[in-house]
Amino acid sequence: MAAKKTSKKVRSKNKKKTLKKIVSKKKSKKVVKKAKKSTKKVASKKVVSSSKKPKKATSAQSKSPSAQSTVNAQHPLLGGSAPSVVLSNQRGESLDVAEISQAAPKVVLYFYPKDDTPGCTAEACAFRDSFQRLQGAGIKVYGVSPDDPSSHQKFISKYNLNFDLLSDTDHKLCEAMKVWKEKNFMGRTYMGVERSTFLFSDGTIKQAWQPVKVEGHVDEVLSTAEKF
């Protein structure tokens, strides 16, 4: 009877040991699975982060410098003189464009769409801020737009502009200088001024920029004026 009892105890002990082994094996399998999952997640995160990096690099590379104004070497007015069109400045004084284009060694006549709009303001202020450089190069500047003299006066007063603005309300000069163009904005088609600049030397048109990009344009004008 004692032998039977001891054998039962041994069997129960063995069963417990085997159960412990099975449980420990299951736990170890779970630990391994969790470890595998965590490593997969880390690996996938690394792949995603590495895939994002080149995207940032390409977007940075895609940034190009600001475009320059278009030099129109085939402009039909090159080599010619300004038309005799009389316009009023901001003070209501009448000025003949043919005469003012010959009144200084070099004259810049720049055309813009409208007073006190973002692009036109930036362009006017760029000419204002470069006044001494332009004067040193013997250049006199005139701006032209379809706005009336009172609008020009407000524009000049607001931004302390140091040159005359001419009113081409019936766009005669704009048409004569080939800057009155069909334009499109927000699906609407209309006629208006294409931003353009003409450089006169001794009364002759030496250079035409059409259309004009405002940023850096005054530097373009000054560097070109040195050639004449």
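In what follows, Ala, Val, Leu, Ile, Met, Phe, Trp, Tyr, Cys and Pro count as nonpolar, Asp, Glu, Lys and Arg as charged, and the others, Gly among them, as polar. The exercises concern a predicted model.

**Exercise 1. The largest pocket**

Find the volume of the largest pocket and describe its lining by residue class.

Solution.
- Step 1: the space in the largest pocket comes to about 260 Å³.
- Step 2: 13 residues line the largest pocket, and those nearest its centre are Pro113, Lys183, Tyr190, Val193 and Glu194.
- Step 3: strand S6 (180-185) and strand S7 (188-193) are the elements that each give two or more residues to this lining.
- Step 4: sorted by class, the lining holds 7 nonpolar, 1 polar and 5 charged residues.

**Exercise 2. The second largest pocket**

State which element gives the largest share of the lining of the second largest pocket, and sort that lining by class.

Solution.
- Step 1: the volume of the second largest pocket is about 150 Å³.
- Step 2: its lining consists of Phe127, Phe131, Leu134, Gln135, Ile139, Lys140, Val141, Tyr142, Asn162, Phe163 and Asp164.
- Step 3: two or more residues of this lining come from helix H4 (131-136), and likewise from S4.
- Step 4: S4 gives the largest share, 4 residues.
- Step 5: by class, the lining of the second largest pocket has 7 nonpolar, 2 polar and 2 charged residues.

**Exercise 3. The sheet and its helices**

Give the strand order of the 7-stranded sheet, then place the helices that pack on the sheet.

Solution.
- Step 1: the sheet is open, its pairing is mixed, and the order of its 7 strands is S2-S1-S5-S4-S3-S8-S9.
- Step 2: strand S2 (94-96) and strand S9 (204-209) are the edge strands, each pairing on one side only.
- Step 3: on average, and with direction ignored, neighbouring strands of the sheet are turned by 30° against each other.
- Step 4: helix H3 (residues 118-129) packs on the sheet and touches strand S3 (106-111), strand S4 (139-145) and strand S8 (196-201). The direction of H3 makes about 165° with that of S3.
- Step 5: helix H5 (residues 149-159) also packs on the sheet, touching S1, S4 and strand S5 (164-167). The direction of H5 makes about 155° with that of S5.

**Exercise 4. Strand S1 and its partners**

Trace the pairing of S1 with S2 and with S5, using Ser88 as the reference residue.

Solution.
- Step 1: strand S1 (residues 86-89) runs antiparallel to S2, and 3 bridges join the two.
- Step 2: on the S2 side, Ser88 has Ser94 as its bridge partner.
- Step 3: 4 residues lie between the strands in the hairpin of S1 and S2, where Gly92 has a positive phi near 85°.
- Step 4: S1 pairs with S5 over 2 bridges, again in the antiparallel sense. In S5, Ser167 is the bridge partner of Ser88.
- Step 5: Leu87 and Asn89 form the covered face of S1, whereas Val86 and Ser88 form the uncovered one.

**Exercise 5. The hairpin of S8 and S9**

Describe the pairing of S8 with S9 and the turn between them.

Solution.
- Step 1: the pairing of S8 and S9 is antiparallel and extends over 5 bridges.
- Step 2: Phe200 has Ile205 in S9 as its bridge partner.
- Step 3: the two strands form a hairpin with 2 residues between them. In the turn, Asp202 has a positive phi of about 55°.

Conventions
Residues are numbered from 1 along each chain as its sequence is written. This is a predicted model: local features need pLDDT of at least 70, side-chain atom pairs count only at pLDDT 80 or more; totals for chains, interfaces and linings use all residues. Side-chain values use heavy atoms; hydrogens and water are left out. Two strands pair if DSSP finds at least two bridges between them. Axes are lines fitted to C-alpha atoms, for helices over the stretch in contact, and angles run from 0 to 180 degrees between N-to-C directions. Contact means heavy atoms within 4.5 Å. On a 1 Å grid over the protein atoms alone, a cavity is a set of points where a 1.4 Å probe fits but cannot get out, and a pocket is an open set with protein on both sides within 12 Å along at least five of seven lines; lining residues have an atom within 4 Å of a point. Grid points are joined across faces, edges and corners, and a volume is the space filled by probe spheres set on the points. Buried means under 20% relative accessible area, exposed over 50%, partly exposed in between (1.4 Å probe, protein chains only).
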